[in-house]
Amino acid sequence: MDLCDQVDWSSVECLNQQPDHAISNALKQGYRDDDGLYLESDTDEQLLMHITFHQAVKLNSILIKSSGTGEQAPKRIKLFCNRQSLGFSEAADFAAVQEFELVPEQLDGKPVSLRFVKFQSVNTLSIFVESNQGDAETTIIQKIALQGSMGQTMNVSDIKKAGEEEETS
């Protein structure tokens, strides 16, 4: 299922985005299906997105669609889980949970499968767009969809003390 409803929009952040072409254009339901709206990088081709969820989720695929020219479409992607503070230099230097290069056929909205065992309890997903398809000055992303399921939640009030038995009436 699409995890858009699980995103904590007050905590979503994108570094190096153009103010008029922000991450909400690519990530929010409705906006991301409008061909006139898109996310675009600002000073160079790199983007660093931090997407926080209301609760832990299990991710199984990511869909990235680009409406830009072939050269402006994202290419090299690195994904990080549960990294509270991650800047461009750390994203470039640290080992990602998963890395991949998008081929032109995938940029029409074909989901990229993730290593499901690595994305079992994700509170924050960081997406680092390291480069684009043609070394263009900026990168354009029309749509980002995160697919998976909600993680297990536990209600603390349901936990019983060790040795405590249920009373029957």
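**Close-up views of a predicted model**

**View 1. Ser61 and its polar partners.** The side chain of Ser61 reaches the side chain of Asn60 in a polar contact of 3.3 Å. Everything shown in these views comes from a predicted model. Ser61 has another partner too: its side chain and that of Gln147 are joined by a polar contact of 2.6 Å. To find Ser61, look in strand β3, which covers residues 47–65. Is Ser61 buried or exposed? Its relative accessibility is 6%, so Ser61 counts as buried, the cut-off being under 20%. Leaving aside residues up to four places away in sequence, Ser61 touches Pro111, Val112, Ser113, Leu114, Ala145, Leu146 and Gln147.

**View 2. Gln6 and the residues around it.** Gln6 belongs to the segment before β1, a strand that spans 13–15. Which residues does Gln6 touch, not counting those up to four places away in sequence? They are Thr52, Phe53, His54, Gln55, Val57 and Met150. Take Gln55 from that list: Gln6 and Gln55 are 49 residues apart in sequence, and their C-alpha atoms are 7.2 Å apart in space. With a relative accessible area of 12%, Gln6 is buried.

**View 3. A salt bridge between Asp2 and Arg32.** Here the side chains of Asp2 and Arg32 meet in a salt bridge, with 2.1 Å from N to O. Why does this pair tie together separate parts of the chain? Asp2 sits in the segment before β1, while Arg32 sits in the loop between α1 (24–27) and β2 (39–40), so the parts that are joined are 30 residues apart in sequence. The two partners can also be described by their accessibility. Asp2 is partly exposed at 29% relative accessibility, and Arg32 is buried at 3%. A search of the whole structure finds five salt bridges, and the pair in this view is one of these.

**View 4. Arg76 and a network of salt bridges.** Which residues are linked in this network? They are Arg76, Glu99, Glu101 and Glu130. Start with Arg76 and Glu101, whose side chains meet in a salt bridge of 3.8 Å, N to O. This pair links distant parts of the chain, since Arg76 is in strand β4 (residues 76–81) and Glu101 is in strand β5 (residues 98–101), 25 residues apart. Now follow Arg76 to Glu130, where the side chains meet in a salt bridge of 3.6 Å, N to O. Glu130 lies in the loop between β7 (122–129) and β8 (140–141) and Arg76 in strand β4, so this pair ties together parts that are 54 residues apart in sequence. Arg76 is partly exposed, with a relative accessible area of 23%. Glu101 also counts as partly exposed, at 43% relative accessibility.

**View 5. An aromatic pair, Phe88 and Phe128.** How many aromatic pairs does the structure hold? The structure holds one. The ring centres of Phe88 and Phe128 are 6.1 Å apart and the planes stand at 65°, so the pair is edge-to-face. Phe88 lies in helix α2 (residues 88–93) and Phe128 in strand β7, so the pair ties together parts that are 40 residues apart in sequence. Phe88 is partly exposed, at 27% relative accessibility, whereas Phe128 is buried, at 0%.

**View 6. Lys28 over two rings.** Now find Lys28 and look for the rings of Trp9 and Tyr31. The charged end of Lys28 sits over the Trp9 ring, 5.3 Å from the ring centre. Lys28 also lies over the face of Tyr31, at 5.9 Å from the centre of that ring.

View 7. How many disulfides does a search of the whole structure find? The search finds zero. Cys14 counts as buried, at 9% relative accessibility. Cys81 is buried as well, with a relative accessible area of 15%.

Key
Residues are numbered from 1 along each chain as its sequence is written. This is a predicted model: local features need pLDDT of at least 70, side-chain atom pairs count only at pLDDT 80 or more; totals for chains, interfaces and linings use all residues. Side-chain values use heavy atoms; hydrogens and water are left out. Helices (H or I, at least four residues) and strands (E, at least two) are DSSP runs, numbered from the N terminus. Buried means under 20% relative accessible area, exposed over 50%, partly exposed in between (1.4 Å probe, protein chains only). Contact means heavy atoms within 4.5 Å. A disulfide is a pair of cysteine sulfur atoms within 2.5 Å. A salt bridge is a side-chain nitrogen of Lys or Arg within 4 Å of a carboxyl oxygen of Asp or Glu. Rings of Phe, Tyr and Trp (its six-membered ring) pair if their centres lie within 6.5 Å; planes under 30 degrees apart count as stacked, over 60 as edge-to-face and the rest as tilted. A charge sits over a ring if NZ of Lys or CZ of Arg is within 6 Å of the ring centre and within 35 degrees of the ring normal. A polar contact is a pair of N or O atoms within 3.5 Å; within protein, one must be able to donate a hydrogen and the other to accept it, and residues adjacent in sequence count only if both atoms are side-chain atoms.
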